[in-house]
Structures are given as C-alpha cells and as structure tokens.
Protein chains: 2
Amino acid sequence: VTASTRQVDVEGLAQRARRGEPRAVARLISLVENDPARRREIARALVAGSGNAQVVGVTGSPGVGKSTTTAALIATLRKDDVRVGVLAVDPSSPFSGGALLGDRVRMQDHANDPGVFIRSMATRGHLGGLSAAVPQALRVLDGAGCDVVLVETVGVGQAEVEIASLADTTAVLLAPGMGDGIQAVKADRDGAEQVARDLRAMQALGGRHSEPGGWRAPIVMSVASRGEGIDDIQAAVAKHRDWLVRTGEMQRRREARAAAEVEALALESTRTQIAALHGSAALPTLARRVVAGELDPFEAADELLAAT
Amino acid sequence: VTASTRQVDVEGLAQRARRGEPRAVARLISLVENDPARRREIARALVAGSGNAQVVGVTGSPGVGKSTTTAALIATLRKDDVRVGVLAVDPSSPFSGGALLGDRVRMQDHANDPGVFIRSMATRGHLGGLSAAVPQALRVLDGAGCDVVLVETVGVGQAEVEIASLADTTAVLLAPGMGDGIQAVKADRDGAEQVARDLRAMQALGGRHSEPGGWRAPIVMSVASRGEGIDDIQAAVAKHRDWLVRTGEMQRRREARAAAEVEALALESTRTQIAALHGSAALPTLARRVVAGELDPFEAADELLAAT
C-alpha cells in the first residue's frame, strides 16, 4: 500500500487545519511533501481561507546562528500572541550532506505551544533548489491561521535566492569570521561593528540591500543565544510588513509568486507529458548525441517536443 | 536595424573561431548574449569540434579575491602554454546591483595574448540565475580550442550552484573574516589556517566537500595578490581533470549538462508557445485569481496549458 492509495480525508484535514489543529497541519504538510499525487487535491481544499501570513525567510551561512535566532524570534513573537509557523528547510544541495540539523533541537521548546507549528522539510528539487512542496506547505501554514511563517534554510546557495522569491520579508544573518558564527559575535564585538559598517557602506553605494519603492533594509545587531536584539528583529519584520501592505508591494509579491508557481506547474506538467510520450530514456539518449556532436541542443529539444 | 536583422555569416565566424581568431570568438559570444534569435544557428555551427575544454568554476563571496586569483591562474596556465578562456559572469541577482566589476581590470594584462579569451557576461536569467547564454558561450570557447575555461562569478547564491552544475571542476575561494577578503589572509594567516582546519574537519565528517566516486577536494592555501599557491591551484585543477577522465565522470557530467540544457530549451519553447497562444496578460490574470482564492494553482496551470 503506497501513500497515495491510502484513504485520506483531505477536505476534513483542511477544515481541522483551518481550526488550528496541530495534527491536521502536520499531516497535510507530510502529504504535500511525500505524496505528490495529492498536492492538487490539497491545493483545492486550501484555496479559500488563506492569505494572511507574512512569510519571513531566515537565511545566512552555515553556523551563523539561524536556528538560535529563529528559536529566539518564536519566543518573542509568542509573547505578543502572534501565531507562528516555522518551516526548517534542509537543502540537499550539491554542496551539502544535509546532516547539519542538530541545532533544530532548540526549537523543541515550543513543541507543546498550540500557537506554534514547526516542521522540517527536505528539499527534493533538482540543483539543490527548494522543493516544489514548499509553496504548498506555506499555504497549509497560512490556512492554519499563522500570522508569521519563518522559513529557515541551512546554508546559502540557490535556496537563499528562492527563499527571497517565496518570502514577503527576508532576514539575512551575517557574522564576522567564518565557521564560528555567533561565537564570533560574542567574542569579537568589534568584528560585528565592522560588518555593520560594511553593510551601511554598501547601502550608501546603493543597490544591494535596498528594495524598489524605497525600503532600506535595517541592520540589526543581535546575540541570539542571549536573546539580545531579538525584539529589534521582530520590530523590523513588523515594520517591513506595514511597508509591504502600505505600498501594495505585498499584493504585488503574492501575485508574482502565484504566477511563478502556476508557470512552474504548467511546465512540470509539460515535462511529465514529455516523459510519458518518450519514456524516461529519451532525454539521456538525446543528451548523449549532443555530447557526441551529432545534434545541437536546439535540435534535441525539438525532437523531445515533436510528439507532444 | 535590430541586431537580428543584420546580415551575419555565422558559419564563417564559427570557422574563424575554430582557428582561434579572437575577434570571431568575441563576436560569437556577443551574438549568443545579445541576439537570442541567432542562438540556434550558432549552436548548429558549433556542434562539431567541441568537447575538449575543462570548465572550471571559480566562486566565493564578494571580496574574497576571485578576480585576483583568476588573473594569477591565467598567468600560471599560460606559462605551460595552456589555452585559456575566461567568462566573468556578473549575476544581476535580486541581491546585487551588478556594479562590482572593477577588479576585472586586472585581467587586461592578458588582453594581447592570443592564447587567452576573456569575456564578461551579464546574467539575464530570472531569479538571478545564470543566463541561458552561458552554456552557449562555453561552447564557443570550447570550439575555439580552449583547454581550460574559467567561469568566474561575483557573489554567492544561485549562481554558485549553477556554476557547479555547468562546470567540470569548481574552485570555492574562502577567506577568514568577512568583507575584507584577501586582506585578511595576508593580515591574519592564523585565520586562514583556522579556515583550512575547519574545512578538513568538515571533510572528515564526510559529505560537504567530497564527490561521488572518491574525490576529496584538496584544500589549497594561496595569496593571489602575491602569486603564492597559484601553481598549487593549477595542479589541483589538472589532477581533478585526470580523475574526471579516468573515472568516466567527465563524460557523465557532460551528458547530465546536455540533458539539462535540452530540457531547459524544450520547456522554454513551451513557455514561448503558451505566451503566443494566450498573450502576455494571461499568466498575471490567472495569478491574481489564485491570490484572490478563486482558483488553486493547479487549476490555473491547467487553464494556461488548455489551448496549447
């Protein structure tokens, strides 16, 4: 019996998730992650009643303190009774063995709080990118009434860029020194001041950390392990939400995100159609002929599409 | 008169490029970058006579010394009469203003050497990814008889991952400290030793820096501005090529790369077909309905594909 042949009452789960039942939320996220055949049904069940959550990407190099910061941010948000979802995304990128999840344990402090939903997801996308299931998992958490969904990724790379494209707000964590993360901030406050000065200089030069329409990313100094500066991060996130809503940028981003998702699903369905028509050996065979100099890649693409 | 309506003798350019004429090489790369309508014709003209170059990605954080290292590596390779191509890719990513190319000037030392081809390319891909023109530009340099093509990117992010997927060999440059790059290596050799120790520890834990089939990435200490350690980098690159060829990994990577390119071209052509049938307003309109909760993204994708 495979996952997708079992009886699942998706509509019932969606109703229970909308009432905030943690087990229904957990079950739906497991389904979108592990049972691609049900994604369509789940998307249909969740189409109404979502759209409130602010998706906040938390990104930065390995060891910089993302999990510690995320855990501290959950605690601060919960004091203000903000409902929080957390997706900890483990990118199985070409650079990562994906075994760096030990710090996640810290989040277990919140395991019994009904106002917090925490899930780890593996990335299954090619090229180390975010899994196609991530937007759907975000929709589940949104539907469950989360006000803020923190999406934490291990490492940098494509995932960082994709998080930025999925998120309303992105927090990039930086630390002086490499490989010693938060340690360095504690041991070397001058180093942290230097990083902040460098960032301000880059902002002054324009471009890198400002967004269209006049938002300049605030630089917040924090020591997550001691809870210092976490309320400043929370305030910056809330301020960014106000800016997003006021300028119409929130709506614009959601539409751009939906357009990207719809297009990706349309292309995925073309890809499936190609595989169904040609069999899975067609692409490798064409690729071999391209490498051998018998075909150029455009001709090969034409052959691949010819019968669709 | 637009670029693509001008008369261009692509076949003649390809023949001259194969003889190593720098102006023909430069012209072809400009054409693949700026004139998408000619890419198919250029791919056809280059299909024979390529496949020798080792593509070496040079990647790392801004300020780490990628351009200095690349320039030093060119000089070392040229002493051994290795023909070198360089693609300096400027990712116009969401995080980058793309104005960090000043260091490229150092490469001009090699501007009059007929054994060196140097080109900057902007990335035009969405999400800050590498331009679709990059694989084609690599094919031009390969066809022109380059033994090694260095692909240098500014910054980390998606580009880093994509370079790894395009390259036979990837050199990741690291420096102790943030934002002060090579400076730090010089000023703080202990810091560099610490980074090397951290990397060795990570390798010992397995995963992150080893490749399938038993290649363990060598850790090379260098100070590019003084030319120290550059011959070690060259030796590591050559050793990796031997390993790639001996294990069949080179062929496997080229086939995987060709497959990805063919699939991307096939999907791109589907995308173009969708736009032609629906007009450019269809996708934004569907996206707005998804955000409004009137459609789920799967239904929207079906509508998009319905008429193709």
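This is a predicted model: local features need pLDDT of at least 70, side-chain atom pairs count only at pLDDT 80 or more; totals for chains, interfaces and linings use all residues.
Okay, let's start with Glu41 of chain B, which sits in helix 3 of chain B, residues 39-46. When I say helix or strand, I mean DSSP runs, H or I with at least four residues for helices and E with at least two for strands, numbered from the N terminus. As for bookkeeping, residues are numbered from 1 along each chain as its sequence is written, chains are lettered from A and ligands numbered from 1 in the order in which they are written, and side-chain values use heavy atoms, with hydrogens and water left out.

The cut-offs are under 20% relative accessible area for buried, over 50% for exposed, and partly exposed in between, with a 1.4 Å probe and protein chains only. Leaving aside residues up to four places away in sequence, Glu41(B) touches Val8(B) and Val10(B). A contact here means heavy atoms within 4.5 Å. Val10(B) is 31 residues from Glu41(B) in sequence, yet their C-alphas are 7.2 Å apart.

Staying with helix 3 of chain B, its axis comes within 10 Å of that of helix 5 of chain B, residues 133-143, and they cross at roughly 30°. The axes are lines fitted to C-alpha atoms, for helices over the stretch in contact, and the angles run from 0 to 180 degrees between N-to-C directions. On the helix 3 side of chain B, the contact uses Arg39(B), Ala43(B) and Leu46(B), and helix 5 of chain B brings Ala133(B), Gln136(B), Arg139(B) and Val140(B). By class, that contact has 4 nonpolar, 1 polar and 2 charged residues. For the classes, Ala, Val, Leu, Ile, Met, Phe, Trp, Tyr, Cys and Pro are nonpolar, Asp, Glu, Lys and Arg are charged, and the others, Gly among them, are polar.

Now the other helix pair. Helix 11 (residues 282-291) and helix 12 (residues 297-306) of chain B have axes that come within 10 Å and cross at roughly 160°. Helix 11 and helix 12 of chain B are therefore roughly antiparallel; angles under 35 degrees count as roughly parallel, over 145 as roughly antiparallel, 65 to 115 as roughly perpendicular and the rest as oblique. The contact between helix 11 and helix 12 of chain B has 7 nonpolar, no polar and 2 charged residues.

Next, strands. Strand 1 of chain B, residues 54-60, runs parallel to strand 5 of chain B, and 5 bridges join them. Strands pair if DSSP finds at least two bridges between them. Val58(B) stands opposite Ala171(B).

Most residues other than glycine have a negative phi. Asp81(A), though not a glycine, has a positive phi of about 60°, and Asp81(B) has a positive phi of about 60° too. Where is Asp81(A)? In the loop between helix 4 (66-79) and strand 2 (84-90) of chain A. Asp81(A) has 59% relative accessibility, so it counts as exposed.

And chain A overall? Its secondary structure comes to 12 helices and 7 strands, and 51% of its 308 residues are buried.
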